[in-house]
Each structure stands twice: as structure tokens, then as C-alpha cells.
Amino acid sequence: MENSPLHISNRNRRGLVVIVLILLAVVYFPRLLTWLNFNEKLPVSVEYISEVKQAIAKEKTTFKRSSFENKKSSFTPPPSKFDPNSYTVNDWMKLGLSEKQAAIILKFNKYGFKSNDDLKRIFVINDELFALIKDSTFYPERPQKTYSNNEKPRFESEKPKAPEKVEINSADEEKLKTIKGIGPFFAKQIIRQRDKLGGFYSKDQLSEVWKITPEALVALEEGAVINPDKVTKLSINRATVDELKSHPYLNWNQANSIVKMREQRGGFKKIEEIKESKLIDEDTYRKIVPYLSL
């Protein structure tokens, strides 16, 4: 039998046993250490665990709040006093505006800015940016036009009447095309975006229209008005997930979260209750709230 190819000597048998023991030690030793560590942690008090949970929750809240605050402060104050008439696209972009928004300001500067009131009327300059720059602006005095003996200044009554402004939320394509600078393409895109949203509540939203140009935005600012009362609203106490997610400002997870919260509460009493969802941040709430009702 010793000459059999299957024969294992005592020496080899002992070596095989040692190898098996080593393998078992490699596999189970880490688990043993984990078990021992777990048992060592058992004496930790319930009060300590509660304190740790509170600390984690506080850290999360602080992180969310600081993240939102950082997001809100997206503008940079001007380095020194400046004449808005001399600012370029790059100068406005350094304050925190996009290239398209900066281009719109330059389009409005066609006749020159005379005061901060002119800046405040530009829809891309929101309240936050205006508050940041209003004390840093200056406007050089413009020489008044003098008239010769044969010239007479035009009276206000001689000025041609400005065309009636078009209401965006109720105008059809033909009506929109009466706005100087708005052709068939932009008229169709405005109506398409309006139908998706359920109407516009602010001229700021017009920048979301597909392929809209700064020139077209200026034309809409000068030749159009928006009646927010014509916005179609969704009832957060009755709308389905599909109805809510069909709005461009909500995704499926956010819509589902609103419906789940409604079922748990037996209905919402205030619209702002949806902000208690972790998926509805402040920016989303600000954009969607004009489209919601109870």
C-alpha cells in the first residue's frame, strides 16, 4: 500500500492538518475580533447613544442650512464704485450673473442708465443683487441738449403712443408675434413652455424658453406683461403622483413624497407643509409654490 499513488504518509497528513488549521484561523479570526469588539461596546449607555444621534442630527441640520445659505449668497459685491454704463459683460459676470443675463443688461443700456431706477426695472437684476450694488453706483451728469432758434423741443403729446403690451399667459401665437422682435419660432416656444408650466408667474421664467436669446428677452420685457392670476394650479390634496410629476419643476420622487406625506397626515392644511419632505428643498419650493393649491 505504501507504493500506491493514493497513499499519504503520516508526515504529509500532519502537514495537511496544519494547513487546514491555518486556513480556518485566517477565515474566522477577524470574525472573532469583531465579536469581541462588539461585546466590549455593549456597556455603552442608552443616554450616550441618544447623545450621539442628536449630535448627528444637529450636524445634518447645520450642513443643510449652511449649504442653502451658501447657495443664496451667489452674488459678489463690486470691488469699488462704478458707472453701470461702462460695465461690460465680463464685469457683470464677475458680480455673479450668467453670460446671458449680462448680455440682457447691455441690451437695456441702449439709451444709457440714468439712475438706479433704470437698473431696478431690469428683470435679471433681482432684489438681492440690487441691494448689493445700489450703494456702489454713480452716474455722470449728461449734458442737456440745447436747441437753436429754428428748433423746438417735442412736447409729450407729440410722442407716438407706445403699443399696448401683450399678456403672455393668454396670448395666442399671432398675438405674441405682434411684439417687436418675437417671430413665429419664439412665439411657438413661449406657448410650448407656458403649456408645460401651466402659465408664467414671472418674467424671469422666460429665460427657460428653449433657445431664447437676450434680444428676445429684452423684447418681451418691453412689449409683454404677465398676469400670474392666469396660472393653472395643482391641488396637493387631490393631485396624483403622475399629475404632480408632469410639472417641469417636480420629479417623480418629489411628487411621490408629497402624496405619501398627504396620506400619512390625512391631507395638508398649509402648502408650506410640503417643505418637511427631505426631497423638497427651498429652491424647489420657491419655484413650485405659485403652481400649488390645497
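Predicted model: local features only at pLDDT ≥ 70, side-chain atom pairs only at ≥ 80, totals over all residues.
Colleague: Which residues of the largest nonpolar core touch the most other members?

Modeller: A nonpolar core is a set of buried Ala, Val, Leu, Ile, Met, Phe, Trp, Tyr and Cys residues joined through side-chain atoms within 4.5 Å, where buried means under 20% relative accessible area, exposed over 50%, and partly exposed in between (1.4 Å probe, protein chains only). The largest such core holds 61 residues, and the ones that touch the most other members are Trp92, Leu176, Ile182 and Leu220.

Colleague: Which helices each supply at least two residues of this core?

Modeller: Helices (H or I, at least four residues) and strands (E, at least two) are DSSP runs, numbered from the N terminus. On that basis, at least two residues of this core come from each of helix 4 (99–108), helix 6 (127–133), helix 8, helix 9 (214–223), helix 10 (241–245), helix 11 (252–265) and helix 12 (282–288).

Colleague: How many of the ten residues of helix 9 are buried?

Modeller: The buried residues of helix 9 include Pro214, Leu220 and Glu221, and what covers the buried residues of this helix includes helix 4, strand 1 (166–167), helix 8 and strand 2 (224–225). Helix 9 is thus described as mostly covered, the number of buried residues among its ten being eight.

Colleague: What relative accessible area does glutamate 276 have, given that it forms a salt bridge with arginine 265?

Modeller: A salt bridge is a side-chain nitrogen of Lys or Arg within 4 Å of a carboxyl oxygen of Asp or Glu, and glutamate 276 meets arginine 265 in one at 2.3 Å, N to O. The pair links distant parts of the chain, with glutamate 276 in the loop between helix 11 and helix 12, and arginine 265 in helix 11, eleven residues apart. Glutamate 276 counts as exposed because its relative accessible area is 53%.

Colleague: Why does glutamate 273 count as buried?

Modeller: Arginine 265 also forms a salt bridge with glutamate 273 (3.1 Å, N to O), and arginine 265 counts as partly exposed because its relative accessibility is 35%. Glutamate 273 counts as buried because its relative accessibility is 14%.

Colleague: Which element of the chain has the lowest mean pLDDT?

Modeller: The chain averages a pLDDT of 77, with 73% of the residues scoring at least 70. Over residues 63–72 pLDDT stays under 50, and the model has four contacts beyond four places in sequence for them. Among the elements, helix 8 (residues 184–197) has the highest mean, 92, whereas the lowest, 53, belongs to helix 2 (residues 46–72).

Key: Residues numbered from 1 in each chain as written. Heavy atoms only, no water. pLDDT = per-residue confidence, 0-100. Contact = heavy atoms within 4.5 Å.
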